[in-house]
Amino acid sequence: MPTRSSRHSLAALVTAGALIAVLSGCVPMGPSSNGGGSAPRPGTSASTGDATSGSSSAPGSTGPVDCGGAAVTIADDDRDHTVTGDCPYIVLAGADIELTAQDAQIGTLEIAGDRAEVDAGDVDTLTVAGQENEVDAGAIDSIVLNGDRNEVEVRARAGSVAVNGNDNSVTAAELGTVLDQGQRNTVRTDD
């Protein structure tokens, strides 16, 4: 028969596990949360910070989160997210994530997961390692596609484009330098 003390310990563990699961979806991270001033990477430990600053608007979606100058990692699968403000580094580590970031100033956007859909304003650097992602952005200074079957549409200028994966598509109003080291990729201006 469980003792009163063991029941309280079990309840505390269950509550802590539920809290961690809720907070792991969209986590603002300070520069020291991954052990240094470098940009966070998927799989690194993260400070939970104010992970619930937006209210959930519907099951499977999260209300707006203001990056507030901090890096943000979104790791939950099959959810909609909105970020605003100064976002120096955003990592999409989960699968089937929809991200609206038109009102955000994005330094680096790293997509490590698969099948993300991103609608963003201007982005300094876009790096895609996952597969079958779609990005629609205002302007992007630098694009690196390492995954396969990704689509990037840039409404203005795409500065440098480096494609290392296969079957990717990049369309922009204006293109800078292009390096295509994969197969069956399409990099073109929108005519």
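Biologist: What is the N to O distance at which the side chains of arginine 157 and glutamate 174 meet in a salt bridge?

Modeller: In this predicted model, local features need pLDDT of at least 70 and side-chain atom pairs count only at pLDDT 80 or more, while totals for chains, interfaces and linings use all residues. Residues are numbered from 1 along each chain as its sequence is written, and side-chain values use heavy atoms, with hydrogens and water left out. A salt bridge requires a side-chain nitrogen of Lys or Arg within 4 Å of a carboxyl oxygen of Asp or Glu. For arginine 157 and glutamate 174, the N to O distance is 3.2 Å.

Biologist: Which strands hold arginine 157 and glutamate 174?

Modeller: Strands here are DSSP runs of E with at least two residues, numbered from the N terminus. The two residues are 17 apart and link distant parts of the chain, with arginine 157 in strand S11 (residues 151–163) and glutamate 174 in strand S12 (residues 169–175).

Biologist: Is arginine 184 buried or exposed?

Modeller: The side chain of arginine 184 meets that of aspartate 167 in a salt bridge (2.8 Å, N to O). Buried means under 20% relative accessible area, exposed over 50%, and partly exposed in between (1.4 Å probe, protein chains only). Aspartate 167, at 32%, is partly exposed, whereas arginine 184, at 56% relative accessibility, counts as exposed.

Biologist: Which residue meets aspartate 96 in a salt bridge?

Modeller: Aspartate 96 is partly exposed, with a relative accessible area of 30%. Its side chain takes part in a salt bridge of 2.8 Å, N to O, and the partner is arginine 115.

Definitions and conventions. Helices (H or I, at least four residues) and strands (E, at least two) are DSSP runs, numbered from the N terminus.
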